[in-house]
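Please look at the sequence and the model shown here.

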Amino acid sequence: MTEMITSTANPQIKAARKLADRRERQAGGLYLAEGLRIAIEAIQQGSDIQKIIHAPDLLRSHIGWEKISDFEQQHPDRVLQVSESVFRCLAQKDHPQGVAVVIRQSWHELDDIRLIAGSLWVALDQVADPGNLGTILRSLDGVNADGIILLDQCTDPYDPSAIRASMGAVLTRKLVKTSFDKFEKWAHGNGVSVVGTSDKADRNFHDYRYPNPMILMMGSERQGLDVAHQELCSDMISIPMRGKNDSLNLAVATGIVLYEIDHQRHIKGKESR
């Protein structure tokens, strides 16, 4: 039986706590994800789980216990049982569910992307809010798009806020990190269709016929896409604003366009047959 850890000074617990810091995540290539849903998803997806940390006094889920037990049978050295007080020192939720997982980050190379019919990616320029990034990942999962290309100085998709907002989609969508210059050369070299958004664009997002495959490029929360990014795009579209505000939240705008693309591919496509 696994010995229970009761001290927050335990080296493994201290290492897990440090993963709240981006520099520690980048240095070790690991991240900490808290919650029953993402823990089960990580096990089912076959993610590279380094540790499962659980507190018996907090974990109420029968299926949670079952999944952890099955994992422990295969990897007995990767499961840590901790006291409630130790787990609460790790938890960021007000009502922790008693399970967290330390997982190796998963990144893909830009040159490994193969755009085929049905491929749909989002390229994000300098997105700053991890909650926005996580919500966009969740929307990508909702339409079964491929993943996100993070350009230049974007926030971390493995930030705890991004992980929570993604509702597990950080495990199911591909992540690429690159510079705009490299992305521009890659897009030109591969004849990639890139569609951008701007409040000044003439084409309405609802009326525009989206290419297939394609990459949707979205700008930063504060400035949108700059001139160089817009010049890379084969077309620019806009979301009409009827009220006094001149723009939408980045994650909301991205979700709206993604679902319009999905609608055209799956609903309008059937109607035209």
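Is Arg88 buried, partly exposed or exposed? Arg88 is partly exposed, with a relative accessible area of 40%, where buried means under 20% relative accessible area, exposed means over 50% and partly exposed lies in between, computed with a 1.4 Å probe on protein chains only.

## Basis of the model

This is a predicted model, in which local features need pLDDT of at least 70 and side-chain atom pairs count only at pLDDT 80 or more, while totals for chains, interfaces and linings use all residues. Residues are numbered from 1 along each chain as its sequence is written, and side-chain values use heavy atoms, with hydrogens and water left out.

## Salt bridges

Eight salt bridges are present in the structure, a salt bridge being a side-chain nitrogen of Lys or Arg within 4 Å of a carboxyl oxygen of Asp or Glu. One of them joins Arg88 to Glu84, with an N to O distance of 3.0 Å; both residues lie in helix H5 (residues 84-90), four residues apart, or about one turn of the helix, where helices (H or I, at least four residues) and strands (E, at least two) are DSSP runs numbered from the N terminus. Glu84 is likewise partly exposed, at a relative accessible area of 30%. Elsewhere, salt bridges with shared partners link Arg25, Asp156 and Asp159 into one network.

Arg104 and Asp48 form another salt bridge, their closest N and O atoms being 3.8 Å apart. Because Arg104 belongs to strand E5 (residues 99-104) and Asp48 to the loop between helix H3 (36-45) and strand E3 (49-54), this pair ties together parts that are 56 residues apart in sequence. Arg104 is partly exposed at 35% relative accessibility, and Asp48 is partly exposed with a relative accessible area of 36%. In the salt bridge between Arg23 and Asp21, at 3.4 Å from N to O, Arg23 is exposed with a relative accessible area of 65%, whereas Asp21 is partly exposed at 29%.

Five strands form an open sheet in the order E1-E4-E3-E5-E2, with mixed pairing, where two strands pair if DSSP finds at least two bridges between them. Strand E1 (4-5) and strand E2 (30-34) are the edge strands, each pairing on one side only. The pairing of E1 with strand E4 (residues 79-82) is parallel and runs over two bridges, and Met4 has Gln81 in E4 as its bridge partner.

Helix H4 (residues 62-74) lies across E3, E4 and E5 and runs at about 135° to E3. Contact means heavy atoms within 4.5 Å; axes are lines fitted to C-alpha atoms, for helices over the stretch in contact, with angles from 0 to 180 degrees between N-to-C directions.
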